[in-house]
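Subject: A structure for you to look at

Hi,

Here is the structure I promised to pass on to you. Please open it next to this email and follow along as you read.

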Amino acid sequence: MRAPYIVWLIWLIYAGTSGVSAMSTEDPFPMISFKVLNVFVNDNFSSKISLATVMMVLFTLMDNPELLNLHIRQLTPTQHGQRRVQVSGWMRSLARQVQIRLGSETKRLFKSSESYSQLGEDDQIITLAIKLDTLAEVLLPRTVQKKLQPISYDAIQSVRTICPSSVACEDLKCKPYNLLQATKPRDIPIVTLIEGSKIHQDVAVLAGKCPKCNTLYYADHERFTIGQNAYRAYLNSARYLKIGQTMWVDRIFSNAVVSGMYSFHASASAYTEFWNHSFGSIQSQDNPMITRRQVWQAFVQESIRSIASMSGFNLELNDSLSIDEVTVEAFANLGQGGQIKPANGHACSECTQEYKGRPGFIPQQDPAAVVGIDENQPVPSLNIQHEASVAGVNSDYQEDDDMDVDMAHAPVKMILSTVHLMVVQQIWKTLVEGHFVHIIILNLGHAVVCVIAIVKFPSRFYCVETICAPCGAVIAWTKFDKSESPTKILQFLEEVYPTEDSRPAYICIDKACLVLKTSIANRSWDMWKRTSRFVVDSYHYVNHRTTDRVCRKWCNPAPLDGSAPNLVVVAQDNQGRLYYKRAFNTQACEQLNAWLGGFESILKRLTPGNFNWFLHVMLFYHTRYVIERQKQRQKQSSSGLDNNESDNS
């Protein structure tokens, strides 16, 4: 007996929800004749008024139905004691905003006989308000009983076409012949176009053709042949992009797809659902909904053009590729082996500092003391029984030590391991001889720091490793199969920094002591020691220093004995007291890992080609946004603006 009651209740809830989400009623666009409008403009406005000003005034009235309802109600009082006014305060407020908007052009709303410049400010507002009231009465029927509704602009929607942006052939081997319309009338595709959040239906798509070389020009690409093969050039300047057989979008929509997936860690399915619920269904029940495949297509098409634009060329691929093959080829041509182009040569205030040849402090004599931990406590001694020795180090060492992964905080089906590669471009100044190694110290004059982070995924490959700067800008990334060994880390560094001039000076990584031993064993240290030093991040160093002599002596990330003055700076707190702090943010990779973790559920479902492209695009956009924020902060700092808000995103 309860089942019908439950069904009835659900029906009531559904009906109520539908009522809330339904669009409000709209009034049709005013169907007055042009002659009536022309007479009003001639009688009330200057003969020099522009079409833009007239249209602005018209749409100002039609876009404010609530204000007009309040104004009409005050003009025709229905209750005893209410006073009838000629111009309400509502209309005067609107007239004032129109005056502010037009500025000196407001005089075009007055006839020369009205002597606008000689009127007082209040008289100008009142006179303009009377004109607006008169025009509103011409445009919109006025009754107290029926409220004005928002105006529908369907009757004045323009007829849109999607055409090539080129007006002549741009093939370097051809002459600039005018493009001919290449689509027969019966074959012209009629599609749906999304501009921002507005859906336009029945839009014609036209193609152009060069009569000489037969290159086909479309709105988003060019199709040309070389021999028997057809190729497609993805135009970076395209205004519209094709994302389905009958679906096109503008660049605002496609950029929103990429930005939304980046900012909200959204999959193509999640963004599809969001857009359909937010924009698609509320415009018209007859509008077609976008699909997950179309959103993924928009992501690929927009990201290709965004990255290719920074590289300065249009991507050219075989014309017959599927979307999965396009991502593979896009990464091969634009991925630069995992290096992120916006970060090339990056150096901001968080990543650079003036070179210091000698310390201005020696608060601790023990070289194992680290900043932020050992200022007011004794340094733990080395446990000889667990000491690791350089002798016998295997250069193909595959195992991780027990300090590598914080399993307690790793999400399900994903292991997050932080590897800090802090890279400081400075050449040292004196020669330091140690028991195991010789470190050459030269002088470059400044320091630049980078950090490496690792995110591990199961099954398909062992881990993704990224090099990033302390500010968060990602420099490069790669994938390791089977293991994340010190040998592979060294090879990755050599690929990213092939020359001595490009190599960093400090490399901070959680297993830097193992990397150092491997480098010594395989003789690559002979190359690295001229420019670089490996250090462990402070979290892992505190544990390593009690069991590993090499780590204790050579891998301190911020020694308090002054042996690495460029890793420690003297700062001042809010009370004016001086204290020591680490010069660079070695937690940047932890923050990057936390952010990348949000994409784990998306990445584990992608094909290898889509995985590479999606991750590269996310890191590309992340780096670009980080650098933009740095520029904004620098601009605010140079202009003297107080920027107390911290942005840790």
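Which residues in H16 meet residues in H18? Before we get there, please keep in mind that this is a predicted model.

**Two helices**

On the H16 side, look for Leu592, Trp595 and Leu596; their partners in H18 are Leu615, Met618, Leu619 and His622. Sorted by class, this contact has 6 nonpolar residues, 1 polar residue and no charged ones.

To find the helices themselves, go to residues 588-596 for H16 and residues 608-638 for H18. Their axes are 12 Å apart, and the two helices pack at an angle of about 130°. Angles from 65 to 115 degrees would count as roughly perpendicular and those over 145 as roughly antiparallel, so H16 and H18 are oblique to each other. Their crossing is right-handed.

**A sheet and its helices**

Next, find the open sheet of 5 strands, which has mixed pairing and the order E1-E4-E3-E10-E9. Its edge strands are E1 (161-162) and E9 (240-244), each pairing on one side only. As background, strands of a sheet pair through backbone hydrogen bonds, either parallel or antiparallel. E1 and E4 (residues 198-205) run parallel and are joined by 2 bridges. Here you can see Ile162 opposite Val205 in E4.

H7 (residues 251-264) lies across E3 (190-195), E9 and E10 (247-250), and runs at about 85° to E10. H9 (residues 292-311) also packs on the sheet, where it touches E9 and E10; the direction of H9 makes about 145° with that of E9.

Happy exploring!

Key
Residues numbered from 1 in each chain as written. Predicted model: local features only at pLDDT ≥ 70, side-chain atom pairs only at ≥ 80, totals over all residues. Heavy atoms only, no water. Axes fitted to C-alpha atoms, helices over the stretch in contact; angles between N-to-C directions. Helix = DSSP H or I, 4+ residues; strand = E, 2+ residues; numbered from the N terminus. Parallel < 35°, antiparallel > 145°, perpendicular 65-115°, else oblique. Left-handed = near helix turned anticlockwise from the far one by under 90°. Contact = heavy atoms within 4.5 Å. Nonpolar A, V, L, I, M, F, W, Y, C, P; charged D, E, K, R; others polar. Pairing = 2+ DSSP bridges.
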